[in-house]
Amino acid sequence: MRLENKVAIITGAASGFGKGMATRFAEEGARVVVADLNAKGAERVAQEIGERAIWTQTDVSQRSEFDEMVYAAKSAFGRVDIMVNNAGYTHRNGDMLSVDEETFDLITAVNMKAIYHAALAVVPIMDRQGGGVILTTASTAGIRPRPGLTWYNASKGWAITATKSMAVELAPKNIRVNCLCPVAGETGMLEKFMGADTPEIREKFRASIPLGRLSTPLDIANAALWLASDEAAFITGVALEVDGGRCI
């Protein structure tokens, strides 16, 4: 029970990597806030987990909704030990000049500004508690960017840099800050990452991964579990590649 007596908030937890993390964290003893813009999905995941979970409908681009989410966590469980910034957004794979401004603004709001909102909401709480963990889902796209996802790549590079800077600044407060860099996986955004979902395009993506497959929610959840646990007590400022060798 590596997260026993810990309380974790996970955004984008109604599906994909976030659902995997919420389920895995609860299995290891955590009480979990399943937060997502998709209220029905969040409720369903929380019900599947059971009494260790609550759900909130949360738009991570809005500071007020972050505050409501944190209030719900503290009201239900009394504290916040782990903040997982997992919610993400992307544009469809294609020409960088074809991405409209509304989509660009949404990418920056969800992938970048939400990390700022999270810090404002949870750092004071963690400081009063004597420490905590902030974990962000970044991407291999922030380490080895490729054509077709330029603005998404840039947002994930920003997330990695923010992680490292936050880690240094928050270390005296005993708040560890890390991020995960998954390769493309079986999530709701996969089709946009690939541009289209065909057997040929899937094979092209798989061929770029030395271990020969896409990532799974369980792959990411297990890595997140370790970084969030006391087993990683001396790990901060790390961008952990969970990519089957993709970034080599």
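**Figure 1. Packing around helix 8 in a predicted model.** The buried residues of helix 8 pack against helix 1 (16–27), strand 4 (82–85), strand 5 (132–137), strand 6 and strand 7 (239–242). Contact means heavy atoms within 4.5 Å. Buried means under 20% relative accessible area, exposed over 50%, and partly exposed in between (1.4 Å probe, protein chains only). Helices (H or I, at least four residues) and strands (E, at least two) are DSSP runs, numbered from the N terminus. The buried residues of helix 8 are Ile220, Ala221, Ala223, Ala224, Leu225, Leu227 and Ala228. Helix 8 covers residues 217–228, and its 12 residues should span 16 Å at 1.5 Å a residue. The expected span is 1.5 Å times one less than the number of residues. The end C-alpha atoms are 16 Å apart, which agrees.

This is a predicted model, in which local features need pLDDT of at least 70 and side-chain atom pairs count only at pLDDT 80 or more, while totals for chains, interfaces and linings use all residues. Residues are numbered from 1 along each chain as its sequence is written, and side-chain values use heavy atoms, with hydrogens and water left out.

**Figure 2. The largest nonpolar core.** A nonpolar core is a set of buried Ala, Val, Leu, Ile, Met, Phe, Trp, Tyr and Cys residues joined through side-chain atoms within 4.5 Å. The largest one has 35 residues. Ile9, Phe66, Val80, Met83, Val122, Ile134 and Met166 have the most contacts inside it. Elements giving two or more residues to this core include strand 1 (7–11), helix 3 (63–77) and helix 5 (150–170). Helix 4 gives the largest share, 10 residues. Beyond its neighbours within four places in sequence, Val122 touches Val70, Val80, Met83 and Ile134. A second, separate core of 30 residues includes Met21, Phe25, Val32 and Leu180. In soluble globular proteins, nonpolar side chains tend to be buried together.

**Figure 3. Thr56 in strand 3.** Thr56 lies in strand 3 (residues 53–57). Thr56 is buried, with a relative accessible area of 10%. Leaving aside neighbours within four places in sequence, the contacts of Thr56 include Val33, Asp36 and Met69.

Figure 4. The structure holds 0 disulfides. A disulfide is a pair of cysteine sulfur atoms within 2.5 Å. For Cys181, the nearest cysteine sulfur is that of Cys179, 4.5 Å away. Cys181 is buried, at 0% relative accessible area.
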